[in-house]
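Please look at the sequence and the structure shown here, and keep both in view while you read the briefing that follows.

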Amino acid sequence: MANFTDPRADEDEYEDAFEDIPMASQMDLKSALDDCNVALSLFLNNKFSEALDLLRPWSKDSMYHALGYSTMYAMQAAMTFEQQDILAAIATLKEALQTCQKFRKKNSVVESLSLLILKRGTDQLTEEEMHAEMCYAECLLQKAALTLVQVRDLCSNLTVFTKASS
């Protein structure tokens, strides 16, 4: 008995590549961290625009995307000392703070006052709320640092102007 095989069985099947990488409709914490690790690798390999393009779509909905996106702008501003870069970085940090605020624990006025007196343990926060607190704190730190850079730049300009007018 002869063995007949389908001639197409030996051929490999190929699919076309996506024009754009498909995006998920929802971003969970693990996926956000994975995306940000990829963006960090791109950033550290001098692929700045690709890193920003990866983070930008989720920067309003994911605290880690917002933090990564604003951090890259903050680093650029700190390296260039250009006033427009500093202002753009501060604006993205403000947006990142708003995004992180969405994920932070919401307290009433009474709860906020009682937290001043009583120490709150981390066991009262969910995992997402703890991450949000850390991202929020990091954004505040970067914003403060950029504000110092901006003020220092402004002061050095004033010093130059006063010496020039003397």
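In helix 3, the buried residues are Met63, Tyr64, His65, Ala66, Leu67, Gly68, Tyr69, Ser70, Met72, Ala74 and Ala77, where buried means under 20% relative accessible area, exposed means over 50%, and partly exposed lies in between (1.4 Å probe, protein chains only). Helices are DSSP runs (H or I, at least four residues), numbered from the N terminus. This is a predicted model, in which local features need pLDDT of at least 70 and side-chain atom pairs count only at pLDDT 80 or more, while totals for chains, interfaces and linings use all residues. Residues are numbered from 1 along each chain as its sequence is written, and side-chain values use heavy atoms, with hydrogens and water left out.

**Helix 3 and what follows**

- The end C-alpha atoms of helix 3 are 26 Å apart, which agrees with the 26 Å that its 18 residues should span at 1.5 Å a residue, the expected span being 1.5 Å times one less than the number of residues.
- Helix 3 is followed by Phe81, a residue with a positive phi near 60°.
- Phe81 belongs to the loop between helix 3 (63–80) and helix 4 (83–103), and with a relative accessibility of 37% Phe81 counts as partly exposed.

**Another positive phi**

- Most residues other than glycine have a negative phi.
- Asn46 is not a glycine, yet its phi is positive, at about 60°.
- The place of Asn46 is the loop between helix 1 (29–44) and helix 2 (48–55), and Asn46 is exposed, its relative accessible area being 60%.

**Salt bridges**

- A salt bridge is a side-chain nitrogen of Lys or Arg within 4 Å of a carboxyl oxygen of Asp or Glu, and by this rule the count comes to 4 salt bridges.
- One of them joins the side chains of Asp34 and Lys30, with N to O at 3.0 Å; both residues lie in helix 1, 4 residues apart, which is about one turn of the helix.
- Within that pair, Asp34 is partly exposed at 36% relative accessibility, whereas Lys30 is exposed at 56%.
- Asp53 forms a salt bridge with Arg56, and their closest N and O atoms are 2.7 Å apart; Asp53 is partly exposed at 44%, and Arg56 is partly exposed at 36%.
- Glu133 and Arg104 also meet through their side chains in a salt bridge (3.0 Å, N to O).
- Glu133 lies in helix 6 (residues 127–165) and Arg104 in the loop between helix 4 and helix 5 (109–117), so this pair ties together parts that are 29 residues apart in sequence.

Note on methods:
Helix = DSSP H or I, 4+ residues; strand = E, 2+ residues; numbered from the N terminus.
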